[in-house]
Amino acid sequence: MTTEPATVPHRYSNVRLQDLSWNFIIPFALVHLGCFAAIWTGVHLETFLAAVVLFALRMFGITAGYHRLYSHRAYHIPSRALRCIMWFLATSSAQRHVRWWASHHRHHHRSSDTPQDLHSPHHTGFWSHMGWQYHKDAAPWNDAALRDFDKAFPELKTIDPYAWVSPLALLALCSVLWGAEGAAVAFCWSTVANWHVTFTINSINHVWGTRPFETSDDSRNNALLALLSFGEGWHNNHHAFQSSCRQGHTWWQLDITWMVLKVGEKMGLVTKMKAPPARAMARWST
Ligand SMILES: [Zn+2]
Ligand SMILES: [Zn+2]
């Protein structure tokens, strides 16, 4: 696909059933319904802890993978095998393949809070939360915006078309380990949490919070969302300094993703971590 996302005027103000991508909406609805199966299966400590661990691993995959590694190239993972693990963590959260996600995210930064931005709550209202995943206008992606991918991530050509396998493999694993309770609690609960925490970075992080940096969009810093999303809630910092791997700039701006990547850097697994510029850090010393 080469069509630029949202060059077609979107119709979020008047969404009709035929405007939705039903091949994505149906699994989305089924996983939400699957959460309620816990009423019948019960919830044991083991499956609840599995849900917490799966949420954490995949939240890290979303922020360190989809967002900072692929969309922004804010750092690098030299090992191809390790990159494949990161790809799996990201795509097992059921947010489509990496090329689609990165293309849309780069478009969000190019057109933030303009009428072309499918993610903007100022123009798409409720649909900013999830319409960028499930509205037909969001289906195309722009390979021209990903020209750097072939050289940086050559394995994506082989594995990315199979991104849909990742969440199914995880569902199968949870079902084998813990039966129906594993599917409902470990998989469905954590998947729904991963979805909505990710989606709030668009729907809430462009509405509620502080704006320490003047940007051309309405991005905000929100400490609660930063905690839930492992650092993504420092969204105004991120819009101001998009290429920085570090989104929380001070000790009190908790950025779990950056902290884990720093450990990876010390172990030699992660390289080329881009730091915020001095003028960004200077903002917090006054
Ligand atoms: Zn944003
Ligand atoms: Zn970004």
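I began with burial: a residue is buried if 20 or more other C-beta atoms lie within 10 Å of its own, exposed if 12 or fewer, and partly exposed in between, with C-beta atoms placed from the backbone. I also noted that helices (H or I, at least four residues) and strands (E, at least two) are DSSP runs, numbered from the N terminus.

**Ground rules.** This is a predicted model, in which local features need pLDDT of at least 70, side-chain atom pairs count only at pLDDT 80 or more, and totals for chains, interfaces and linings use all residues. Residues are numbered from 1 along each chain as its sequence is written, while chains are lettered from A and ligands numbered from 1 in the order in which they are written.

**Confidence.** I looked up pLDDT, the predictor's confidence in each residue, from 0 to 100. The mean for the protein is 91, and 95% of its residues reach 70 or more. Over residues 5–9, pLDDT stays under 50.

**Overall form.** I found 14 helices and zero strands. The radius of gyration (taken over C-alpha atoms) is compared with the globule rule, 2.2 Å times the number of residues to the power 0.38. The protein has a radius of 19 Å, close to the 19 Å that the rule gives for 286 residues, so it is as compact as a globular protein of that length. Along the principal axes, the C-alpha atoms fill a box of roughly 55 × 50 × 35 Å. I recorded 46% of the 286 residues as buried.

**Helix 7.** I examined residues 127–134 and found seven of the eight buried. These are Trp127, Ser128, His129, Gly131, Trp132, Gln133 and Tyr134. Their cover includes helix 1 (22–35), helix 5 (98–110), helix 6 (121–124) and helix 10 (165–203). For contacts, I used C-beta atoms, placed from the backbone, that lie within 7 Å.

**Helix 13.** In residues 256–266, I listed Thr257, Trp258 and Leu261 as buried. They cover an arc of only 90° around the axis (taken from the directions from the helix axis to the C-beta atoms), which puts them on the same side of helix 13. An α-helix has 3.6 residues a turn, so residues three or four places apart point the same way. The buried residues of helix 13 pack against helix 3 (45–71), whereas Val263 and Lys266 are exposed on the other side. Glycine 268 follows helix 13, and its phi is positive, near 85°.

**Histidine 238.** I located histidine 238 in helix 12 (residues 235–240). Why does histidine 238 count as buried? It does so because it has 29 C-beta neighbours inside 10 Å. Its C-alpha atom is separated by 9.0 Å from that of asparagine 221, 17 residues apart along the chain.

Technical notes
Two residues are in contact if their C-beta atoms, placed from the backbone, lie within 7 Å.
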